[in-house]
Amino acid sequence: MNGKRYLIADIGSTTTKALLFEISEEKVTLLGGADAPTTVEAPYNDVKLGLFQAVSRLEKQLQIPLTDEKHFLQTNTHAIEGLLATSSAGGGLQMLVVGLVKTMTAESAERAALGAGAVLLDVMAQDDGLEMYERVARIRELRPDMILMAGGIEGGALLEVAVMVDILTKADPKSRLGDHKVPLIYAGNSDVRPYFESIQHPFEVQFVNNLRPTMDKEDLNPARLAIQEVFLHHVMTQAPGYAEVSKRVTAPILPTPLAVGKALQLLAKEYGHNVMSMDIGGATTDVFSVFKGTFYRTVSANLGMSYSAMHVLAEAGIDNILRWLPEELSEEIVRDWLHNKMLRPTTLPVTPEALQVEQALAREALRLSLKQHFNLTVALRGNKREGDATKSSEEFFGTEVLFGMKDIDWLIGSGGVVSHAPHPVQAAMMMIDGFLPQGYTKLSLDRSFMLPHAGVFSQVDEKNALRILEDLCLMPLGGVVSPISGYGMNNEKMARVTLEPKKGASITRDVRFNEIAILPLAANEEAELTVSGHWKLNYGNGFWKSLSKTVTGGEVGILVDMRGRELRWEKKLSQQRKQSQAWLAQWMQGGDRV
Amino acid sequence: MMPRRETFKRVLPDVGQVMVEKGQLVFPYTIVAETKLQPVEPVIIPVTEQLGLPPHMMNQMAIVKVGDLVETGQVLAGVIIEGLEYEVHSPAKGKIEDISPLLGTIALRLEGDPDEPVRVVNVAAELEMPELMAKRFIEVRQGAMVKMGDTLAKDDEEKKVFAPIAGLITEIKGATISIKRPFVLRQVFAYVSGFVTEIVPDLGAMIESDVLRVPGVYGVGGETWGVLRVAVANETETLKAEGILESDKDKILLAGAMVEGAALQKAQKMGVKAIISGGMHNKDVTQLCGHEIKPGTPENVLCMTLIVTEGMGRIPMNIQAFQAIAQKEGKLISVNGLTQIRAGVIRPEVLLPVEDDEGISTTEEATAGSLEDFVVGNTVRIVREPWFGEVGSIESIPLNEIVLPSGVKTLVYEIKTASGTVLVPRANVEPYRS
């Protein structure tokens with residue numbers, strides 16, 4: 001053995017995946033990985049069993065002792081240095097969020113909970129339209145692992161917050177994991193704290209700093225840390241089998257999305273980038289972003305590739321899916337195929353047409369989930385701007401977006417349909433068509449779903465967690481350049497693009513409006529990219545201005561996307577379908593790919 | 001698929017009246033229990049505000065407690081100030097739901113009599129003016145729902161007329177407003193033929209029935225029952241509009257591989273209770289229901305019950321399923337289209353009555369396929385295009401992944417079907433059980 005070995009497991013909702021890494025001065029190596037079904041539900045009711053099974057398979061695969069005769073995982077031996085785990089099993093950390101005003105404290109609390117990796121059962125506020133008794137009935141139906149309550153800026157609302165406490169007390173929600181008291185993290189107006197002490201309530205209460213102390217300030221970290229701590233010490237110890245696993249891990253078990261967040265924050269810090277990642281699953285799509293060091297996460301609970309396929313169809317509309325497909329695929333066929341995918345989620349596309357339908361669905365799921373992400377990552381609502389005493393309430397509750405795609409330097413794709421796309425260029429296409437990156441954006445793919453493993457490992461060793469990300473986890477696809485605004489006329493020459501690699505001949509290409517070009521540049525190869533300016537286009541530094549940048553290649557190369565932002569679609573569906581097929585042909589270039 | 005003796009729990013969501021007895025023979029249409037619900041929200045009485053005192057004194061003033069049943073006019077709270085009694089009375093008959101010392105209120109859940117007569121409010125008399133004048137000040141419309149205490153009319157001097165009860169405004173005639181408390185009749189039916197084995201007090205009963213259960217893969221609509229008619233010749237045929245007859249009203253129809261959109265529309269118009277088919281087009285089902293279907297979780301879909309046994313598209317019904325159902329032509333069968341895809345999967349069902357001479361099985365039903373189902377020589381069914389519904393035998397099991405025409409790389413089975421030998425992803429195959 002040349003280095004230290006770490007066993008890192010992700011205990012997912014259906015599959016437990018164990019990976020064994022070897023870390024040495026020279027390199028990080030993935031020695032092997034094995035899966036087993038997660039055993040959190042009946043009849044097993046013990047996650048340790050599934051974890052043990054996965055590790056046993058790994059042991060057989062690698063012929064390295066990882067378990068002992070008592071069928072426990074080996075720790076404190078020379079075989080492995082440490083064990084780490086992430087979890088989304090049993091539905092993950094399920095939270096109820098309560099605030100006072102929907103677009104203010106409730107929204108801030110929602111951000112805190114999502115950023116901590118929670119699955120939100122509901123977000124309630126005084127102005128959510130429910131009557132008191134409806135709220136009580138609704139809370140009773142839910143069985144949260146934990147409640148996050150906010151409301152009232154410091155020195156602000158008192159009675160209204162106390163009423164919400166009253167409602168929670170009356171509802172007396174039960175935990176799904178046992179008979180213990182439901183933990184409640186109170187992160188609202190601190191003047192309300194004595195009220196908790198004056199009444200009999202059924203909760204295990206923890207007070208943290210107000211997450212919205214003033215209208216224009218949000219302080220989510222104390223709440224996020226409290227959620228994590230309560231998750232580990234209260235929730236996880238109740239979940240079947242976790243207590244035993246908790247004793248054996250080298251660092252705290254993290255909710256899987258939080259671990260992904262840590263991995264992205266590590267990348268953002270190391271490279272000084274704003275990073276965005278998506279994880280498109282069968283039922284849900286997560287979007288993560290790190291903007292100026294702050295982590296944001298949204299979960300689009302009804303947008304996914306199989307269980308949620310029909311929901312995507314309903315939200316997007318059939319025409320928005322058909323526009324990505326050739327005309328030979330009728331509405332009737334596409335609907336039936338998507339519906340069947342929902343009914344039999346594990347089936348695979350056999351024909352090129354079936355794959356196209358799935359990838360069209362993925363584009364729309366990504367587009368809609370990004371919209372939801374930006375809906376949450378808005379500048380603090382309710383924050384009065386200076387000198388606006390005369391502004392209307394619409395302006396007061398304005399939705400100024402905190403950041404946009406023009407601010408994202410790096411886009412990372414994850415999730416089956418993207419990670420397992422037969423050709424990397426298809427993955428790049430879905431990411432670009434779904435998220436419409438602007439300016440220059442680096443593209444990578446997490447082919448092995450290793451982001452959570454790297455994230456949880458960063459608790460122990462940030463430097464090597466980064467090496468895992470760079471050397472093992474992320475496949476570089478290259479990058480994409482697109483104007484952030486401006487349009488040309490069809491076939492109008494918009495830019496001369498020059499790519500000058502450090503090694504090899506330079507490439508120059510003229511790109512027209514609505515055209516996509518791919519300039520080959522291998523992984524880890526650097527080049528100088530220059531895109532000439534045009535009076536109609538802005539690449540982020542003003543109209544007329546050119547863009548120059550040192551770029552690194554990847555499996556696809558450097559893509560130039562001159563379709564405009566937003567995409568300028570033809571008016572009729574039949575024309576849109578021809579338009580997208582022309583783009584597809586340009587993407588695929590070689591003709592031997594789908 | 002084997003006939004089995006099953007127990008069905010047939011209960012109301014809330015207390016009501018049980019209409020059957022233990023040991024009674026019931027049929028799908030037998031009412032097991034019913035209740036008349038009054039779906040209005042509790043009335044919030046601002047007690048401390050009425051008495052002019054701070055909310056935190058609520059508990060000291062309340063005479064009733066949570067859970068108490070009170071009559072109209074009954075004293076709920078009171079206080080003596082300088083020798084004078086001040087009381088708050090209940091505006092209606094009901095149950096005390098909440099007493100809040102934070103807000104100083106009492107929440108009263110109303111109870112009423114379903115046969116309670118319509119309450120008539122004479123706005124002219126209340127506002128003390130002629131009818132012609134009074135009717136100008138009415139602020140509500142016929143057909144509107146009002147809460148107790150809502151303003152029905154207001155004159156120029158801000159004098160108001162309030163709704164004495166919550167309910168539906170059934171009529172506005174001149175300056176009189178009629179309000180009827182709405183009641184919803186909720187009934188639970190037996191759904192199957194069988195015997196009542198146990199009464200669940202105030203809620204319903206347990207019913208034991210011998211049934212042959214044919215599962216579907218997708219459905220819309222809820223429980224229903226009807227006499228079965230086999231509307232096609234075999235499991236591969238399409239049910240067209242001309243195949244729907246006048247006499248199919250209230251019946252359940254069995255189709256083969258497909259039901260055309262026009263047939264679905266005609267059947268719904270004719271009053272057909274349900275259609276069972278191997279396949280249907282999502283487009284046709286969506287048009288029938290009038291909206292996109294998002295069947296991740298159960299939906300209340302307002303159209304006739306549809307049961308799809310194989311998948312969406314034109315897919316011949318499993319021949320065993322078709323024959324089992326067809327054998328029951330002329331008999332009363334039950335179906336439920338309820339489908340839930342996510343955690344807690346619910347699949348639609350067809351329940352066929354079992355004759356005395358058929359016998360029932362007591363062995364465990366075979367569950368989802370295990371590895372033993374997928375060995376060379378076994379018969380399997382393909383469950384994804386381009387060979388959806390085809391049945392064949394496993395010729396070989398290649399050990400290495402192959403690249404499909406889609407570019408996806410995966411493990412496959414080599415399967416011999418009627419149309420030839422094909423390489424099918426292992427994930428696209430289900431065991432074929434007779």
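Student: Which residue just after α5(B) takes a positive phi?

Tutor: In this predicted model, the residue is B:Gly271, with a phi of about 90°.

Student: Where is B:His281 found, and is B:His281 buried or exposed?

Tutor: B:His281 lies in the loop that runs between β25 and α6 of chain B. Its relative accessible area is 15%, and since buried means under 20%, B:His281 is buried.

Student: Which side chain joins that of B:His281 in a polar contact, and with which residues is B:His281 in contact beyond its sequence neighbours?

Tutor: The side chain of A:Glu332 does so, at 3.3 Å. With neighbours within four places in sequence set aside, B:His281 touches A:Glu332 and A:Asp336 in chain A, and B:Met258, B:Met312, B:Gly313 and B:Arg314 in chain B.

Student: How is the packing of two helices described, and at what angle do α8 and α17 of chain A pack?

Tutor: Two packed helices are described by the angle between their axes and the distance between the axes. For α8 (residues 256-271) and α17 (residues 462-473) of chain A, the angle is about 95° and the axes are 10 Å apart. Helix α8(A) is therefore roughly perpendicular to α17(A).

Student: Which residues form that contact, and how many of them are nonpolar, polar or charged?

Tutor: From α8(A) come A:Ala263, A:Leu266, A:Leu267, A:Lys269, A:Glu270 and A:Tyr271; from α17(A) come A:Glu462, A:Ala465, A:Leu466, A:Leu469 and A:Glu470. By class, seven are nonpolar, four are charged and none is polar.

Student: Which residues of α17(A) are buried, and what caps its N-terminal end?

Tutor: The buried residues are A:Asn464, A:Ala465, A:Leu466, A:Arg467, A:Ile468, A:Leu469 and A:Cys473. They pack against several elements of chain A, including α8, β15 (439-446) and α16 (451-457). The cap is A:Asp461, with a side-chain oxygen 3.3 Å from the backbone nitrogen of A:Lys463.

Student: Where is the place of B:Thr30, and which backbone nitrogen does its side chain reach?

Tutor: B:Thr30 sits in the loop between β3 (25-26) and β4 (31-37) of chain B. Its relative accessibility of 15% makes B:Thr30 count as buried. The side chain of B:Thr30 reaches the backbone nitrogen of B:Phe27 at 2.8 Å. Beyond neighbours within four places in sequence, the contacts of B:Thr30 include B:Val20, B:Gln24 and B:Phe189.

Student: Is B:Ile165 counted as buried or exposed?

Tutor: B:Ile165 counts as buried, at 3% relative accessibility. Its place is the loop between β14 (160-162) and β15 (167-173) of chain B.

Key: Residues numbered from 1 in each chain as written. Chains lettered and ligands numbered in written order. Predicted model: local features only at pLDDT ≥ 70, side-chain atom pairs only at ≥ 80, totals over all residues. Heavy atoms only, no water. Axes fitted to C-alpha atoms, helices over the stretch in contact; angles between N-to-C directions. Helix = DSSP H or I, 4+ residues; strand = E, 2+ residues; numbered from the N terminus. Parallel < 35°, antiparallel > 145°, perpendicular 65-115°, else oblique. Contact = heavy atoms within 4.5 Å. Nonpolar A, V, L, I, M, F, W, Y, C, P; charged D, E, K, R; others polar. Buried < 20%, exposed > 50% of the residue type's maximum accessible area, 1.4 Å probe, protein only. Polar contact = N/O pair within 3.5 Å; in protein donor to acceptor, adjacent residues only side chain to side chain.
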